Amino acid sequence: MDKPVFRCWTRFAGALLCVGSLVGAALSAVAADSTTDATAAASRRAAPAAPAMPLPVVAAPGKAQSTADHSKFKALQGPFKTGPEVTQACLSCHNEAAHQVMQSVHWTWQAVNPLTGRTLGKRHAANNFCGSPLSNEPRCTSCHAGYGWEDKNYDFTKESNVDCLVCHDTTATYRKYPTDAGHPLYAPRETAKGSGQFELPPDLVNVAQSVGKSSRHNCGACHFNGGGGDAVKHGDLDSSLLHPALALDVHMSPQGGNLSCADCHNFNAHQPAGSRYATLARDVLGKDMKHEDHTRASCESCHDLQPHQQTRLNQHVKRIACQTCHIPEFARGGIGTKTLWDWSTAGRRDANGQALFIKDERGRLIYSAEKGDFAYGENVRPSYKWYNGVVHQVVIDDKIDDSRILELNRVEGSAKDPQARIWPFKVMVGKQPYDPVNKTLVVNHVYGKDDTAFWGNYDYAKSIRAGMDYAGLPYSGQYDFIETRMNWFITHMVAPKAEALQCQDCHTRASDGRLHEITDLYLPGRDRQPWLDRLGALLVIGVILASSLHGLLRIISRRRRSKA
């Protein structure tokens, strides 16, 4: 072989080897980086967490931390016969408070979605739990921030109707009675007819003199019990968060942040931050001074836009909500959340003609003649969906497509949408009555002492007719049942960082990978591109051949030199 040709071949082989070495080095670096991440994660799991500095208890039950001793105020000496009398005493000093509350969603039960322009809220939006508060006000308004909402003629302008104590009681003794239109008890009442057991009314003077900042107990009285019971609705909100262990929620645990709800859901003139109708998908502002911005209830407002030390994790934050990785399961506090509610089976009676109620081995209702079949879940893995900030909420009189499952609050977003991130959800499965002729959902009159209330007569024909007439909505007189789904954002029960999802939870080809439902993007470690696989194989083969050729040519060259 001519020496110039030989030198050309050796140089070419050397060049191929260099390219192969660079590719191999890059792959090794990636592998090493992944190994380092995995090792670091393992170290975090193995090493005991540094003890967190506990913050002062925020509005714990007991005497409120305040600059004023309300027990010395003349206006609060009582006696008080009713809640509205306490409100009038409160307003003698806090003379703007009622006006502020009356502008809040806690009072109006309605809000305009700023992105869609639709008027939503409990008074309008459909759900697959209890249905509509219309015609059922005395029962549903036990979670209204006011007194006396018994029917559609409620006076929303009367200041004394505002309930100050439900949000500011610190004694943990004040409770709205479930069927008294937002009022507490004012006299002892037998818990069940003939039981001989009585529930006592709260001491309104003591409660009024002990008011303070809202606590988890105040907010949880309603929000933990949404849908008619503890943990029914949200999945990530239940009474286990009153005194949570660190493993359940790092923010609310006394061993962690010991935060109250209002520390994140800041209030400005009684207007709360955060809304399930327009949840902020992406916070682009980042950290703010405490209580400076009253419109955001976001992770970033405390943890900033790049909360991790690793650049790669911060890159994930652009397309993945913090909650997706940091809340691996919901309903982790030992209380099952409802995952199914089937109204179509309600109304069954036993052999004696009595309404049928069936409980499971843990004492939970799995069938109720009043409400139908239930299913529960604990330590539930969320469903994951793209979300860009827009929720398409169905209202009662919307025209619906009954040829498929009805999604009551479809969230908008996709991989192509730069504003969208992957969020975790509890997806509630339901089956509820609707009008198959007019193609709308219906108002079902379930609660009341009249003979049309479903919980008294178990007659859908009567109860739906009564509900639709009350609401003033058109009704064909026919009803059927439609299967529905409802998305509930998972934002609470944040686990310690050592329990956050790891790379392999999503980047896997296993059928149970966390993001198996997200199919509109290429996910390394899960998805395959044939052309990329072939290119990788060719690179590997090329490196092997180049290395072999280079080695062979060096051997030949050495022998030629030795003979010369």
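**Close-up 1. Lining of the largest cavity in a predicted model.** By class, eight nonpolar and six polar residues make up the lining of the largest cavity, with no charged residues. The model is predicted. The volume of the largest cavity is about 140 Å³. Of its 14 lining residues, Asn127, Gly131, Gln432, Pro433 and Val442 are the closest to the centre. Searching the whole structure turns up one cavity of 30 Å³ or more.

**Close-up 2. The second largest pocket.** This pocket holds about 320 Å³ of space. The lining has 18 residues; nearest the centre lie His392, Val394, Leu406, Glu407 and Arg410. Strand E12 (391-393) and strand E13 (406-407) are the elements that give two or more residues to this lining. E12 supplies the largest share, three residues.

**Close-up 3. The salt bridge between Glu407 and Lys385.** Glu407 also belongs to the lining of the second largest pocket. The side chain of Glu407 meets that of Lys385 in a salt bridge, 3.2 Å from N to O. Glu407 sits in strand E13 and Lys385 in strand E11, so the pair ties together parts 22 residues apart in sequence. Glu407 counts as partly exposed, at 29% relative accessibility. Lys385 is partly exposed too, with a relative accessible area of 23%.

Close-up 4. The whole structure contains 14 salt bridges. In one of them, Glu378 pairs with Arg362, and the closest N and O atoms are 2.3 Å apart. Glu378 is in the loop between strand E10 (372-377) and strand E11 (383-387). Arg362 is in the loop between strand E8 (357-359) and strand E9 (365-368), 16 residues apart from Glu378. At 27% relative accessibility, Glu378 is partly exposed; Arg362, at 47%, is also partly exposed. Salt bridges with shared partners join Asp360, Arg362, Arg364 and Glu378 into one network.

Close-up 5. Asp527 and Arg526 meet through their side chains in a salt bridge of 2.8 Å, N to O. Both residues, Asp527 and Arg526, are buried.

**Close-up 6. A nonpolar surface patch.** Tyr522, Trp531, Leu532, Leu535 and Leu539 form this patch, and together they have about 480 Å² of accessible area. Leu532 lies in helix H15 (residues 530-563). Its relative accessibility is 35%, so Leu532 counts as partly exposed.

**Close-up 7. Cys167 beside Asn218.** Cys167 belongs to helix H6 (residues 165-168). C-alpha to C-alpha, Cys167 and Asn218 are 5.2 Å apart in space, yet 51 residues apart in sequence. Cys167 is partly exposed, at 32% relative accessibility.

Technical notes
Residues numbered from 1 in each chain as written. Predicted model: local features only at pLDDT ≥ 70, side-chain atom pairs only at ≥ 80, totals over all residues. Heavy atoms only, no water. 1 Å grid on protein atoms, 1.4 Å probe; cavity = no way out; pocket = protein on both sides within 12 Å on 5 of 7 lines; lining within 4 Å. Points joined across faces, edges and corners; volume = space filled by probe spheres on them. Helix = DSSP H or I, 4+ residues; strand = E, 2+ residues; numbered from the N terminus. Patch = residues over 30% accessible without salt bridge, like charges linked within 9 Å, V, L, I, M, F, W, Y side chains within 5 Å. Areas by Shrake-Rupley, 256 points an atom, 1.4 Å probe, with all protein chains shown as cover. Salt bridge = Lys/Arg side-chain N within 4 Å of Asp/Glu carboxyl O. Buried < 20%, exposed > 50% of the residue type's maximum accessible area, 1.4 Å probe, protein only. Nonpolar A, V, L, I, M, F, W, Y, C, P; charged D, E, K, R; others polar.
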